[in-house]
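Please consult both while working through the points.

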Amino acid sequence: MARVGIYGGSYNPPHIGHCLAAAEMVRHLELDRLIIMPAATPPHKSLAAGSPTAEERLELCRLSFASIPQARVSDLELRRQGPSYTVDTLRELRELYPEDELFLIMGTDMLLSFDQWRCPEEIAAMATLAVMHREDDEALWEQVRAKAEALSKAMKAKIVLVQNRCVEISSTTVRRLLAMGAPGYLEPSAEKLIRSKGWYLSGADLKNLPFDELKERSLSLHDEKRRAHVVGCSETAQALAEHYGADPDLAARAGILHDITKALGPTEQLHLCEKYGIVLTELQRANPKLLHAKTGAVIAREIFGESDEVCEAIRWHTTGKPQMTLLEKIIYLADYIEPNRDFPGVEALRQAVWEELDKGLYQGLDLSVRILRKQGRIIDPDSLQAWEYYKKYTERSNQL
Ligand code: FE
Ligand code: FE
């Protein structure tokens with residue numbers, strides 16, 4: 001009797017997080033065989049921009065899991081017509097491997113929603129549920145343990161919990177990185193194929209796009225909430241540019257791109273800095289969350305071919321700096337007051353910005369510094385310098 005693991009996923013694309021998890025499960029469960037099962041895309045769900053076909057995804061899986069001798073890639077779910085359910089897959093596998101012990105590999109979120117799956121009892125009767133969990137989340141671990149106990153009682157499910165050094169990366173992040181020309185957390189052979197075919201927009205020429213295309217491209221990298229924010233920022237920036245005599249097109253472009261790398265995590269931010277030679281201070285290295293303005297500016301230049309004016313406006317949109325250009329001030333403030341922003345004092349700030357740009361700028365800087373101080377958070381030296389600079393400036397203009 002062989003021990004057979006089943007590891008399903010959309011694998012769009014498969015990345016090293018999947019590979020490490022797979023290797024760990026083979027070792028821990030002492031599997032003789034591991035079936036990698038790329039899922040068919042439900043008809044109502046469209047795949048991310050630039051995704052390869054099902055057949056090509058299979059090839060990516062073969063390349064990615066090639067270093068695990070027990071792994072085999074199966075096209076069983078991709079071949080099936082209509083909606084795909086785990087229970088159907090297991091029925092087929094049971095027939096193929098009547099004598100073997102099956103292990104259905106899943107994440108913690110899947111175990112927690114297991115009762116809502118189609119025919120959970122039948123699944124539990126056919127396979128042991130092998131749940132991967134990260135070791136550092138105590139509260140979740142408790143929840144998972146309780147759920148496992150409940151399921152064992154209710155449907156005699158056999159459940160093994162496996163601590164797994166999961167790499168904290170999702171296929172969504174990998175696609176974002178690929179579209180930005182950054183290292184993609186992929187097995188080298190899979191990455192080579194993806195880049196040679198230009199999948200996930202990895203090879204697309206995104207330089208000097210017309211605004212509508214730039215907007216579409218930018219929005220595809222964000223979740224819904226941030227989409228509303230970047231559109232709000234872009235429209236506000238354009239209106240401010242018209243009001244104060246800056247170039248409205250450049251303002252709209254800088255606005256739509258200003259948070260282009262915001263969705264990336266700390267590790268990816270640091271990767272981008274390394275790739276594009278951004279030199280970091282100790283403070284910045286320790287707080288990679290603050291880096292999206294710098295990485296965003298580099299991506300705007302390198303990937304989107306934007307002008308220096310636009311890139312500099314993105315570069316300074318979180319901190320500000322002394323002697324800002326008109327466009328830099330506009331993006332800093334548009335980010336601050338766009339219609340989705342809602343915090344105490346935003347109305348007064350909006351009014352100041354439309355009355356006199358520098359007055360608004362100082363109020364914005366002052367508000368940021370005060371909030372950060374109150375919260376005991378680190379204040380970037382650039383923000384402090386900007387605050388000092390514009391304080392003097394407003395004092396001087398008051399005296400005139
Ligand atoms: Fe930002
Ligand atoms: Fe923003």
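The notes below cover a metal site and a sheet with its helix. The model is predicted. Its iron ion (ligand 2) is coordinated by H229, H258, D259 and D335, and an open sheet of six strands pairs in the parallel sense.

**Metal site**

- The donor atoms for the iron ion (ligand 2) are NE2 of H229, NE2 of H258, OD of D259 and OD of D335, at 2.2 to 2.3 Å.
- Along the sequence, these donor residues follow the spacing H-x28-H-D-x75-D.
- The arrangement of the four donor atoms around the iron ion (ligand 2) is irregular because they subtend angles of 78 to 166 degrees.
- For comparison, the ideal angle for four tetrahedral donors at a metal is 109.5 degrees.
- The iron ion (ligand 1) lies 3.2 Å from the iron ion (ligand 2), and D259 coordinates both.
- H258 and D259 are both buried.

**Sheet**

- The strand order in the open sheet is β3-β2-β1-β4-β5-β6.
- At the edges stand β3 (71-73) and β6 (159-163); each has a single partner strand, so one side of each lacks a neighbour in the sheet.
- From one strand to the next, the twist averages 25 degrees.
- Strand β2 (residues 33-38) pairs with β3 in the parallel sense over three bridges.
- L34 stands opposite A71 in β3.

**Helix on the sheet**

- Helix α7 (residues 138-155) lies across β5 (128-133) and β6.
- The helix α7 runs at about 160 degrees to β6.

Notes: Residues are numbered from 1 along each chain as its sequence is written. Chains are lettered from A and ligands numbered from 1 in the order in which they are written. This is a predicted model: local features need pLDDT of at least 70, side-chain atom pairs count only at pLDDT 80 or more; totals for chains, interfaces and linings use all residues. Side-chain values use heavy atoms; hydrogens and water are left out. Donors are N, O and S atoms within 2.8 Å of the metal (3.2 Å for Na, K and Ca); water is not among the atoms, so sites may look incomplete. Four donors count as tetrahedral if all angles lie between 85 and 135 degrees; four count as square planar and six as octahedral if opposite donors are over 155 degrees apart and all others between 65 and 115; anything else is irregular. Buried means under 20% relative accessible area, exposed over 50%, partly exposed in between (1.4 Å probe, protein chains only). Two strands pair if DSSP finds at least two bridges between them. Helices (H or I, at least four residues) and strands (E, at least two) are DSSP runs, numbered from the N terminus. Axes are lines fitted to C-alpha atoms, for helices over the stretch in contact, and angles run from 0 to 180 degrees between N-to-C directions. Contact means heavy atoms within 4.5 Å.
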